[in-house]
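Open your viewer and get your selection tool ready. We will go through this model stop by stop, with something to pick at each one.

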Amino acid sequence: MATLELNGLGHVYENGHVGLSGIELNIRDGEFLALLGPSGSGKTTLLRTIAGFLRPTSGSLAIDGKTMAGEGTWVPPEKRGLGMVFQDHAIWPHLNVAGNVGYPLKLAGVPKTQLNGRVAEVLEQVGLAEYARRKPSALSGGQRQRVALARAIIASPKALLLDEALSALDEPLRARLRLELRALTREEGLTAVHVTHDRAEALGLADRVAVLRDGMIQQVGTPAELLETPVNSFVASFVSDATLFPGTLVDGNFHADHPGLRLPMGSGSQRNHGTRLIGQPLASGSRSRRAVAAVAPTSVRLKPAGSPIHVDNLAGGPLARVTSALYGRHGYETSLDWAGATLRVLVTGWTPKEGDMVRPLVDQAHVFCEEAGAVQGRAA
Ligand code: ADP
Ligand code: MG
């Protein structure tokens, strides 16, 4: 059980590359926090800085109110009382499962009977009670990852740090381990920081998610907050898979740069009367300014090309052509060519086919006052 406080934490690598910058984050006791971001966004750098494998070059880190790094203080990794699991289950090949799991206690000089008892306990917890004598080479990837998890929690750490710990596993094993991991941290009241680039995993598991980009935190919030009130177009695009339209905001109307696209403000209650625009810039005067509209795949309805549209419904705009439709658990993940722009839409209730002509109706869009230069495509 522990709180983690990161104040203005930064790390510049020796080659001058800025790995982290100005990280402000308070992780609560018993909280499961996901660190989410694209490859290269600084997730591993942040986790390694918390663990003590990297020294921050600015700012400070405290665990349970005690400074671990910064302000002239440095506590080495082994003294921080943290458990870690990496993607590549770094377990000793020459030790059996019990030997691997008990290693941290052996190192700490825990007497043998006590050690054996605790090993049996955690192996039971991770579902490996029958495998104590097996060598890692005779285990599946999922079992090896359970060994790594058992080893990380055997010394009752203050917090558990996981770096893409499940990413190398195949579904559905991965989904099962996800649930087991969550149950385990709940049972033990463990504070967990779980690094992942998998959006569904972060949103499904975490109490709160911190979204990283270029070494900086973009937003920290509950999964619902990230989906409903993204703070910028990057978060909207990375977390919700929103399509981003650069354009101009004038008098509360958004004019997309793409020719023919217009997202007029509607009341929100009259779903057929246009697009509900959400965002702070709408409240601040009528000055024309550059903006980005983010349209989530769940905010678009598709009407057959021939269906009559309400005269008020300027959101209809030009017809769109289905360019691909992938069947998924929640519907068809459909891509449209809409006046030259690519629009992603989640289609439920019917089967879109490549080449179908449809009329997209955008129910709502988040609008951010950002320079067009700041607009990024969908983060890979
Ligand atoms: P992530 O885990 O989100 O994929 P990393 O934390 O590994 O990202 O890397 C963040 C950035 O720091 C990347 O641009 C990466 O190239 C850079 N980086 C990572 N390790 C080093 C290093 N040892 N020296 C210089 N740059 C590094
Ligand atoms: Mg990484």
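How many cavities of 30 Å³ or more are there? The count comes to two. A cavity here is a set of points on a 1 Å grid over the protein atoms alone where a 1.4 Å probe fits but cannot get out, while a pocket is an open set with protein on both sides within 12 Å along at least five of seven lines; lining residues have an atom within 4 Å of a point. Grid points are joined across faces, edges and corners, and a volume is the space filled by probe spheres set on the points.

Before selecting anything, note that this is a predicted model, in which local features need pLDDT of at least 70 and side-chain atom pairs count only at pLDDT 80 or more, while totals for chains, interfaces and linings use all residues. Residues are numbered from 1 along each chain as its sequence is written, chains are lettered from A and ligands numbered from 1 in the order in which they are written, and side-chain values use heavy atoms, with hydrogens and water left out.

**Stop 1: the largest cavity**

Select Val85, Gln145, Leu149, Leu162, Ala165, Leu166, Leu177 and Leu181, which line the largest cavity. Its volume is about 60 Å³. Helices H4 and H5 are the elements that give two or more residues to this lining; helices (H or I, at least four residues) and strands (E, at least two) are DSSP runs, numbered from the N terminus. By class, the lining has seven nonpolar, one polar and no charged residues (Ala, Val, Leu, Ile, Met, Phe, Trp, Tyr, Cys and Pro count as nonpolar, Asp, Glu, Lys and Arg as charged, and the others, Gly among them, as polar).

**Stop 2: H4 against H5**

Now show H5 (residues 173–188) beside H4: the two pack at an angle of about 15°, with their axes 11 Å apart. Axes are lines fitted to C-alpha atoms, for helices over the stretch in contact, and angles run from 0 to 180 degrees between N-to-C directions. H4 and H5 are therefore roughly parallel to each other (angles under 35 degrees count as such). To see the contact (heavy atoms within 4.5 Å), pick Gly142, Gln145, Arg146, Leu149 and Ile153 in H4, then Leu173, Arg176, Leu177, Glu180, Leu181 and Leu184 in H5. These divide into six nonpolar, two polar and three charged residues.

**Stop 3: H4 against H2**

Next, bring up H2, whose axis comes within 7 Å of that of H4 and crosses it at roughly 30°. That makes H2 roughly parallel to H4. Val97, Asn100, Val101 and Pro104 of H2 make the contact with Val147, Ala150 and Arg151 of H4.

**Stop 4: the second largest pocket**

Which residues lie nearest the centre of the second largest pocket? Select Leu82, Gly83, Met84, Pro104 and Arg151, out of 23 lining residues. The volume of this pocket is about 750 Å³. Strand S7 (82–85), H2 (97–107) and H4 (141–153) each supply at least two lining residues, and S7 gives the most, with four. The lining divides into 17 nonpolar, four polar and two charged residues.

**Stop 5: two backbone details**

Most residues other than glycine have a negative phi, and most peptide bonds are trans. Zoom in on Glu171 and Pro172, joined by a cis peptide bond with omega about 0°. Pro172 is in the loop between strand S8 (159–163) and H5. Finish at Asp214, in the loop between strands S10 (208–213) and S11 (216–221), where phi is near 50°, a positive value in a residue other than glycine.

Definitions and conventions: Angles under 35 degrees count as roughly parallel, over 145 as roughly antiparallel, 65 to 115 as roughly perpendicular and the rest as oblique.
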